[in-house]
Amino acid sequence: MTDFPFLLAMIAVPAVGAAVVAALPRGRELLAKQVTLGITLVVFLLAVLATIAFDAGGDRFQLTTSVSWIPDFGVDFALGVDGIALVMLLLVGVLVPVVVVASWRDTPPGNRSMTTFCAWLLLLEAMMVGVFAATDVFLFYVFFEAMLVPMYFLIGSFGGPRRQYAAVKFFLYSLVGGLIMLAAVIGLYVVSSSELGEGTFAFDALRQIEIDPGVQKLLFLGFFIAFAIKAPLVPFHTWLPDSGAEAPIGGSVLLVGVLDKVGTFGFIRYCLPLFPDASRDLAPLVLVLAVAGILYAALLAMGQSDMKRLVSYTSIAHFGFIALGIFAFTTEAATGAVLYMVNHGIATGLLFLVVGMLIARGGSRQIGDYGGMATQAPLLAGVFLVAGLASLALPGTNSFVSEFLVLIGSFPTVPVYAILATVGIILAALYVLLMYQRTMHGPARGVLLTDDGTAAPGGSTATAGSTTTGGATASGGGPATGGSTATLTAPAPGRLRVRDLGRRELAVAAPMVALIIALGFYPQPLIDLIEPAVAATMEDVGADPGGVEPATTEGTD
Amino acid sequence: MDTVPAEGLIAASWLLIALPLAGAAVLLLGGRRTDRWGHLLGTATVAAAFVLGLSCTLALDGRQVDVDLFTFVATGSLDVQAGLLFDPLSAVFVLLITGVGALIHVYSIGYMAHDPRRRRFFAYLNLFVAAMLLLVLGDNFVALYVGWEGVGLASYLLIAFWHERPSAATAAKKAFIMNRVGDVGLALAIFLMFAQLGTVSYEGVFGSIEAVAGGTVTAIGLLLLLGACGKSGQFPLQAWLPDAMEGPTPVSALIHAATMVTAGVYLIARSAPIYDQTPTARAVVLAVGAITLMIGAIVGCAQDDIKKVLAYSTVSQIGYMFLAVGLGPAGYVAGLAHLLTHGFFKAGLFLGAGSVMHAMNDSVDMRRFGGLASRMKTTFVTFGLGYLALIGFPFLSGFYTKDAIIEAAFDRGDGWGYVLGGLAILAAGLTAFYMTRLMLMTFFGRPRWEDGVHPHESPTVMTAPMIVLSVGSVLAGFLLVVVFPLEEWLSPVFGEPEGAEHVVAPILVSILVTLVMLLGAAAAWLVVGRREVPVVAPARVSPVVRAARRALYADTVNESLFMRPGQWLTRALVFVDNRGVDGAVNGLAATLGGSSSRLGRTQTGFVRSYALGMLGGAVIVAGALLAVTAG
């Protein structure tokens with residue numbers, strides 16, 4: 001069983017599937033969606049089987065497959081997973097089918113077809129698996145860049161009114177990062193050839209070589225900047241709110257839930273083991289960016305009037321927590337950071353999905369266009385609340401465990417940053433509860449009101465209003481002020497006309513809610529998968545893999 | 001702290017938490033199918049938990065029993081076990097939570113009978129009970145933290161239960177946010193314990209806290225106190241508690257009077273081994289208690305909303321408890337005894353207030369009450385007994401437990417002891433004033449009812465719990481101090497009681513407190529009992545009354561110090577992010593990529609630029625490598 005090439009299959013199945021779906025005749029959208037769902041479920045199954053085949057206490061990289069690819073440059077098509085990559089593959093396996101079901105009723109803009117959407121989605125899944133499973137640095141780079149293409153089309157062809165602007169911005173940012181990384185990848189190859197006599201891109205070989213500290217810093221920065229753009233740290237972040245807001249909901253989920261994690265995954269997989277000295281030397285820089293991001297992005301999230309932009313900003317704050325956990329150099333914090341990557345994908349994924357369900361009803365992304373939904377749509381409100389509580393890392397939800405580990409693990413080594421980050425949990429409560437209160441609580445109001453002729457039942461007018469993102473956000477978005485309060489005090493005419501969650505929507509939300517709660521109370525199985533890989537990484541970077549030594553040693557048990 | 005592994009009944013004490021949790025899950029997931037019997041199930045789970053808790057307590061025999069469940073989080077050197085500690089201290093809390101909780105569940109069957117969302121109300125109440133039990137039963141600080149934020153969630157859900165009302169929604173959010181400020185303190189305290197000692201379990205921390213440097217222990221103590229202040233509505237985080245009265249009245253009784261808001265007292269009492277090492281932090285606990293008990297008492301005198309008066313009374317009474325636990329070993333038991341008796345009489349008073357509101361079409365304005373004594377005899381009698389217990393009428397509950405705190409304050413023996421004792425006595429007078437004012441405005445005098453109000457006694461399902469609690473209000477103090485001394489029961493936790501010498505003779509304290517109490521009650525009679533109560537609050541009042549009506553400007557301070565600057569900062573940052581950070585990059589993007597529409601339309605263009613980019617990258621690499629090798 002362990003000889004089965006799980007990873008290769010997890011790339012090949014969706015890649016071939018993408019070609020098959022793309023070749024389907026234009027009228028067969030339903031069939032395309034069904035085939036897509038089937039394929040993504042197969043990938044999920046493969047991910048589960050791979051996890052079963054994986055031995056947490058075994059070799060660092062398992063389920064390996066290696067084929068020589070470009071022998072002249074020592075490039076191999078080499079795949080393999082450690083615990084860190086494996087949990088990311090599980091996340092991919094879970095999220096993509098959920099996204100397919102969530103996008104089932106989407107109507108793409110213009111004359112585009114859902115068949116194309118499905119094809120791009122499957123191709124994206126193949127690329128995402130590849131980027132996490134690659135153990136050859138060049139192969140990683142190829143997937144890292146190739147991943148852009150399906151995402152570019154998902155945003156640019158299937159997104160909101162300003163999709164083209166967002167897609168190009170996303171592409172340019174990623175391209176700049178990718179090019180800098182390419183330079184560093186080639187640089188790494190050159191260094192390896194001078195150190196080993198023969199150039200290589202194999203991660204395990206590269207990990208062993210001692211690189212001159214000056215060169216290390218340059219190479220580190222090359223990788224780091226690419227990753228810091230991908231999992232945006234302040235100040236590289238401004239592309240994400242646009243992309244997150246304009247992408248179709250399914251695209252937003254995968255963009256923020258998985259794609260951006262490639263950045264934080266890169267920190268822990270490539271930056272730390274390959275450039276340990278540079279990582280240690282430049283850690284203060286990263287920590288400053290991380291903590292600045294936690295506070296800055298949280299404050300910005302509070303000021304947003306567009307729900308999807310708001311969720312995007314919360315993610316930037318969360319990426320700050322992940323970066324803090326990785327660059328605190330303790331097993332506890334780094335394990336927490338990896339767990340955070342998974343949990344954030346689930347929690348923020350659900351938050352995007354439920355925001356999408358809200359938008360499907362009101363046709364607007366503006367918070368001010370909704371109000372009082374909880375009365376008529378208690379299930380929708382309940383799922384929204386669970387997603388929100390997971391976002392603010394309430395104990396009992398999965399995110400608590402990871403945030404707690406990041407903070408408690410970073411406190412002993414970098415206390416000042418940990419304290420500042422801890423203050424961020426107040427801001428998290430504020431941005432989640434402000435949005436929840438304005439959309440779900442209070443008297444019925446907003447675009448879903450009917451009767452009395454005051455209603456603007458969804459659709460074009462409201463959507464047009466949401467296109468003025470930049471300036472409108474600044475002027476109308478202060479917390480508890482601006483448009484929303486004015487509407488609150490206005491007499492409430494008419495009634496809401498809201499459908500609560502349907503069966504398909506419940507099928508989307510239920511597994512996510514179940515995961516949020518299950519991993520909130522029993523996270524240890526995932527931790528057991530992650531920890532050995534993290535401990536090995538800590539060893540690479542010269543930290544004690546056994547974890548934090550208590551400062552007061554006398555009398556402890 | 002010597003714990004023994006669990007066997008027998010106590011090994012099943014996890015069921016205490018599991019029962020109400022399962023109740024909440026069934027009611028929330030079961031949907032409308034459970035509407036018909038949901039309230040009964042909700043009540044049954046808590047009642048069953050009470051029976052189990054009582055059985056466990058009887059089987060306890062002064063031991064401290066550790067119940068191991070499973071590994072919650074273990075990585076690196078951090079090892080957090082999901083485990084429970086059933087000891088005399090957690091046992092009294094279990095009995096209070098499940099006992100008073102069960103009564104309030106019964107009451108809610110009647111109180112919420114006509115609410116279409118009654119099932120969800122019981123689900124949230126069950127959730128609260130489960131979280132609160134985890135809070136007091138956890139055997140480590142992380143379990144406590146999980147319960148701590150769990151009760152915060154339940155509190156949020158229940159304050160916002162009538163979420164159509166903007167005021168309820170806002171109050172719920174305010175409660176959650178202010179609690180989170182406190183939670184940051186609690187979280188940081190836990191991080192500090194882990195960094196210092198490598199453990200977060202009670203046994204590990206308390207066993208080795210003596211080895212930690214004094215300044216660090218003080219920091220831990222102060223951070224824990226911040227958490228306690230948030231949860232218990234103590235200065236400077238007291239402003240959320242009165243607003244929390246937006247929730248249905250049974251919620252106010254259970255969560256915002258009898259149990260959750262006393263969690264801060266539990267935290268400090270549980271952390272006694274930490275506070276024993278840090279006189280500084282303990283002095284700050286004292287100060288917080290003293291300040292809050294005065295704030296609550298003063299503000300309570302000027303409120304016209306019956307629930308707000310009771311809420312400020314709660315703030316003030318918890319101030320007494322903080323004062324007591326801040327006194328150290330001399331005060332732990334006194335503080336906890338007052339916590340228990342307060343749980344009885346304040347829960348009873350809130351249930352009575354709910355009964356009155358039921359009769360007055362949900363009005364809370366005492367200026368429109370009056371003359372209800374004859375219309376609602378059961379409510380009047382039970383509420384009256386609670387009132388007497390609260391103001392410390394001789395031989396009722398409050399008399400025993402409040403006097404014990406005041407005595408303990410005097411027993412410090414220094415000047416501060418007299419100051420604190422004096423303040424506590426003064427606040428006892430104020431307590432008598434605002435509670436007598438409440439009694440007179442509600443039950444006596446000429447009716448000032450609004451049109452269409454026809455007062456009637458509440459149904460038995462509501463009055464029965466009120467009767468039980470009023471019996472508790474009368475007897476609890478006597479039972480806990482004289483018959484089954486709490487001091488002895490808790491001695492495994494806080495040590496054997498010392499036969500301390502009293503600085504001021506207890507009988508003298510009792511007489512003094514009783515006199516001041518009578519004085520306060522008489523003053524109230526002079527103000528509202530002797531003459532007609534105006535239905536509109538007089539506008540021409542002294543600055544003191546005006547300040548008290550506005551809760552001593554707590555909201556004004558919070559708004560001008562935090563909320564408005566925060567809003568301004570947020571708006572400024574949004575502007576900067578859109579114009580500054582993003583603007584710079586957009587300019588770059590425009591020059592690089594040309595207009596977006598052109599790029600989007602022509603795919604060949606983008607492939608070419610991509611190839612061009614790769615070429616450019618290769619050139620950069622070559623240059624960089626040359627530079628490196630040359631250098």
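Q: Let's start with contacts along the chain. Among contacts in chain A between residues at least 6 apart in sequence, how many join residues at least 24 apart?
A: The share is 82% in chain A. Keep in mind that this is a predicted model. For chain B, 81% of the contacts between residues at least 6 apart join residues at least 24 apart.

Q: What is the radius of gyration of chain A, and what would a compact globule have?
A: Chain A has 557 residues, for which a compact globule would have a radius of gyration near 24 Å; the value for chain A is 23 Å, which agrees. Its C-alpha trace spans about 80 × 65 × 40 Å along the principal axes. As for make-up, chain A has 24 helices and two strands, and 66% of its residues count as buried.

Q: And what is the radius of gyration of chain B?
A: Chain B contains 26 helices and three strands. Its radius of gyration is 28 Å, close to the 25 Å from the globule rule for 631 residues, so chain B is as compact as a globular protein of that length. Its C-alpha atoms fill a box of roughly 95 × 60 × 55 Å along the principal axes. Buried residues account for 57% of chain B.

Q: Where in chain A does pLDDT stay under 50?
A: Look at the average, then at the stretches that fall below it. Chain A averages a pLDDT of 87, and 90% of the residues score at least 70. Over residues 453-492 of chain A, however, pLDDT stays under 50; the model has 76 contacts beyond four places in sequence for that stretch.

Q: Which residues of chain A does the UniProt domain annotation cover?
A: According to the unreviewed UniProt entry, the annotation "domain: NADH:quinone oxidoreductase/Mrp antiporter transmembrane" covers residues 134-424 of chain A. In the model, residues 134-424 of chain A are 80% helix and 0% strand, with 34 Å between the end C-alpha atoms.

Q: Which residues touch the most other members of the largest nonpolar core?
A: This core has 458 residues, and those touching the most other members are A:L89, A:V354, B:I190, B:L323 and B:A424. Helix α7 of chain A (residues 163-196) gives the largest share of the core, 21 residues. If you follow A:L89, its contacts beyond four places in sequence include A:M10, A:A47, A:V81 and A:F132.

Q: Is A:A85 buried or exposed?
A: Count the C-beta neighbours inside 10 Å: A:A85 has 25, so it counts as buried. The residue is in helix α3 of chain A (residues 83-102). Beyond four places in sequence, A:A85 touches A:F132 and A:A133. For a sense of distance, A:A85 and A:C118 are 33 residues apart in sequence, with 25 Å between their C-alpha atoms.

Q: What is the order of strands in the open sheet of chain B?
A: The order is β1-β2-β3, with mixed pairing. The edge strands, β1 (4-5) and β3, each pair on one side only. Strands β2 (residues 65-75) and β3 of chain B run antiparallel, joined by nine bridges. Within this pairing, B:V73 has B:V80 as its bridge partner, and B:T75 stands opposite B:L78. Two residues lie between the strands of the β2-β3 hairpin, where B:G76 takes a positive phi near 60°.

Q: Why is strand β3 of chain B described as largely enclosed?
A: Seven of the nine residues of β3 (residues 78-86) of chain B are buried, so the strand is largely enclosed by the rest of the structure.

Q: Is A:A393 buried or exposed, and is B:D362 buried or exposed?
A: A:A393, which is not a glycine, has a positive phi near 60° and sits in the loop between α17 and α18 of chain A. With 29 other C-beta atoms within 10 Å, A:A393 is buried. B:D362 also has a positive phi, about 65°, and is in the loop between α15 and α16 of chain B. B:D362 has 9 other C-beta atoms within 10 Å, so it is exposed.

Technical notes
Residues numbered from 1 in each chain as written. Chains lettered and ligands numbered in written order. Predicted model: local features only at pLDDT ≥ 70, side-chain atom pairs only at ≥ 80, totals over all residues. Buried ≥ 20, exposed ≤ 12 C-beta atoms within 10 Å, placed from the backbone. Helix = DSSP H or I, 4+ residues; strand = E, 2+ residues; numbered from the N terminus. Pairing = 2+ DSSP bridges. Core = buried A, V, L, I, M, F, W, Y, C linked by C-beta atoms within 7 Å. Contact = placed C-beta atoms within 7 Å. pLDDT = per-residue confidence, 0-100. Rg over C-alpha atoms; globule rule 2.2 N^0.38 Å. UniProt positions renumbered as here; feature names shortened; annotations may be inferred.
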